[in-house]
Amino acid sequence: MKHFTLIIVFLIFLSSCVGTPEIAATETVVTPGTSTTLPVTSFREIWGYVVAGQEAALRRGLPITDVGYFGAEVNMYGALTNVPNRQNLAGFTGKVHLVVTCGSNSLTYFTLMPGSPQRAALITDLIAATRNFDGLNIDFENIPPRSGEAFLSFLRELRVGLPENKMLTIALYARTRTLANDVYDYEKIKPLVDRIFVMGYDEHWGGGPAGPVSSIRWSRSVAEYSMRVIGPEKLVMGIPFYGRAWVDTNHHRALIHSTIERLINTYNAQVRRENGIPTFDYVANVSVKVYFEDDISLSTRFEMLKSMNVRAIGFWRIGQETQKVWDILRLEQ
C-alpha cells in the first residue's frame, strides 16, 4: 500500500477588514469541521452547472435561479449530439439552459467556418434543441486564433435565430486584462449575448504547478476586469466548488533502461516475468498537495464579490460542494 503525506494549504482573509477589503493571503492549520459563524450573502442570480446523469445533486429548495444543463456536444462530424432530456430536471422551477461544448481546436475551426454546411446544420439543430429549454449556453473552449471573427458571426446567427424569449449565454475563460487578438474578447462578445459566465477557476490546473484553483487575490482581479468590461447587468461570476491535488512525483511515465535499473536497485525490487516480459513492483512515498474550497473560503468570495456590486454568481458544479455553503447563500428578495 502506498503511503501518502497529505499537505493541505488553505487561504483565508482577515475578517476585520472594512470597506473594500485588502487581500491578505495566509497559511495556517485548519481543523476540518471547525464551527465558525459566517455571514449570509445574497445575490440577484445564482447559477449552477448540472451534469446529465447527476441530476439528483440539484436538490429541491436550493437558492438557484439558473441551471446550465451539461453535456450536449458537437461530434466528430460537426453535428449536435447528447442533448439531455429537459424533463430530467422537471422538479426545478428556475431557468434551464442547454449547454453545448465543442471538444477540439480542429473540430471547432471547421464547425465555425462561415458558409459550411456543417455550420448551417449545427445552428439549425441548436435553435431546434433549445425549444425545450429557457436558453442556450455556448461553452466552446477550444477556438483557434483564426476563428475569432467566425465565432462572433456564429453567435450573431444564433442570436437572430433564437426566439426573443430564449436567452443566449456563453462561458468564457477568466481574464485579468485585455489580450491582443483574443478570440474570447469580452467587449466584442457582450452585445451578442444575454449573460457572460466568466469561468473564474483553473488559475492552477493539473498540468501545472500546485496552487489554488482560484486564489482570492486572482479571483478579485478577474472580477474587477469583468465588471469593468462586461458590467453587472450581464456578468455571472463563476466560482469553483471543486479542489485539486498535485503529486510531487509522476510515476506514470516512459522509462529508459538505466532508470529501470536505478529503480530496481533503489527499491530492492524483485523482477519476475509475465509471459516472458520482465516486470516488478515497488512502493514509494508520495507527497500530495491539495487545495480545496469550504464554507469559509466560499463565504470570503461571496462577501468580496458582494462588496464589488457583482449581482450574479455561478458554480462549477452542483454536487461537488460542501453542503454548508447553502446555509450562507440566499437570493435577493
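User: Why is Arg 159 called partly exposed?

Analyst: In this predicted model, Arg 159 has a relative accessibility of 23%. Buried means under 20% and exposed means over 50%, so a value of 23% places Arg 159 in between, as partly exposed.

User: What makes the contact between Asp 194 and Arg 159 a salt bridge?

Analyst: The side chains of Asp 194 and Arg 159 meet at 2.6 Å, N to O. The cut-off for a side-chain nitrogen of Arg and a carboxyl oxygen of Asp is 4 Å, and 2.6 Å is within 4 Å, so the pair counts as a salt bridge. Asp 194 lies in the loop between α4 (186-189) and β9 (195-199), while Arg 159 lies in helix α3 (residues 148-161), so the pair ties together parts that are 35 residues apart in sequence. Asp 194, at 24% relative accessibility, also counts as partly exposed. In general, side chains of opposite charge can pair when their charged atoms come close.

User: How do you know that Arg 244 forms a salt bridge with Asp 202, and which parts does the pair tie together?

Analyst: The closest N and O atoms of Arg 244 and Asp 202 are 3.1 Å apart, which is within the cut-off of 4 Å. Arg 244 belongs to strand β11 (residues 244-247) and Asp 202 to the loop between β9 and α5, so the pair ties together parts that are 42 residues apart in sequence. Arg 244 has a relative accessible area of 25% and is partly exposed, and Asp 202, with 35%, is partly exposed as well.

User: Why is Asp 281 called exposed, and what is Arg 272 called?

Analyst: Exposed means over 50%, and the relative accessibility of Asp 281 is 52%, so Asp 281 counts as exposed. Arg 272 has a relative accessible area of 36%, and is therefore partly exposed. These two residues form a salt bridge, with the closest N and O atoms 3.0 Å apart. Salt bridges that share partners join Arg 272, Glu 274 and Asp 281 into one network. The structure holds 10 salt bridges.

User: What makes Thr 108 a buried residue, and which backbone oxygens does its side chain reach?

Analyst: Thr 108, which is placed in helix α1 (residues 105-112), has a relative accessible area of 0%. Buried means under 20%, so Thr 108 is buried. The side chain of Thr 108 reaches the backbone oxygen of Ser 104 at 2.6 Å, and a polar atom of the side chain of Thr 108 lies 3.5 Å from the backbone oxygen of Asn 142. Not counting residues up to four places away in sequence, Thr 108 touches Cys 102, Phe 140, Asn 142, Ile 143 and Pro 144.

User: How do you know that β9 is largely enclosed by the rest of the structure?

Analyst: Of the 5 residues of β9, 5 are buried, so the strand is largely enclosed by the rest of the structure. Both faces of β9 are covered, with Arg 195, Phe 197 and Met 199 buried on one side and Ile 196 and Val 198 buried on the other. In a regular strand the side chains alternate between the two faces of the sheet.

User: Which strands does β9 pair with?

Analyst: Strand β8 (residues 167-173) is joined to β9 by 5 bridges, and the two run parallel, with Ile 196 in β9 as the bridge partner of Ile 170. β9 is joined to β10 by 3 bridges, and this pair also runs parallel; here Ile 196 stands opposite Leu 235 in β10. Together, β9, α5 and β10 make a right-handed β-α-β unit.

User: Why does Ser 299 count as buried, and what does it touch?

Analyst: Ser 299 lies in helix α7, and at 4% relative accessibility Ser 299 counts as buried, because the limit is under 20%. Leaving out residues up to four places away in sequence, Ser 299 touches Leu 38, Pro 39 and Ile 328.

User: How does the reach of helix α7 compare with the expected value?

Analyst: Helix α7 (residues 295-307) has 13 residues and reaches 18 Å from its first C-alpha to its last, close to the 18 Å expected at 1.5 Å a residue. The buried residues of α7 include Leu 298, Phe 302 and Leu 305, and the buried residues of this helix pack against elements including β2 (41-43) and α5 (216-229).

Conventions: Residues numbered from 1 in each chain as written. Predicted model: local features only at pLDDT ≥ 70, side-chain atom pairs only at ≥ 80, totals over all residues. Heavy atoms only, no water. Helix = DSSP H or I, 4+ residues; strand = E, 2+ residues; numbered from the N terminus. Expected span 1.5 Å × (residues − 1). Buried < 20%, exposed > 50% of the residue type's maximum accessible area, 1.4 Å probe, protein only. Contact = heavy atoms within 4.5 Å. Polar contact = N/O pair within 3.5 Å; in protein donor to acceptor, adjacent residues only side chain to side chain. Pairing = 2+ DSSP bridges. Right-handed = clockwise from strand over helix to strand, strands pointing away.
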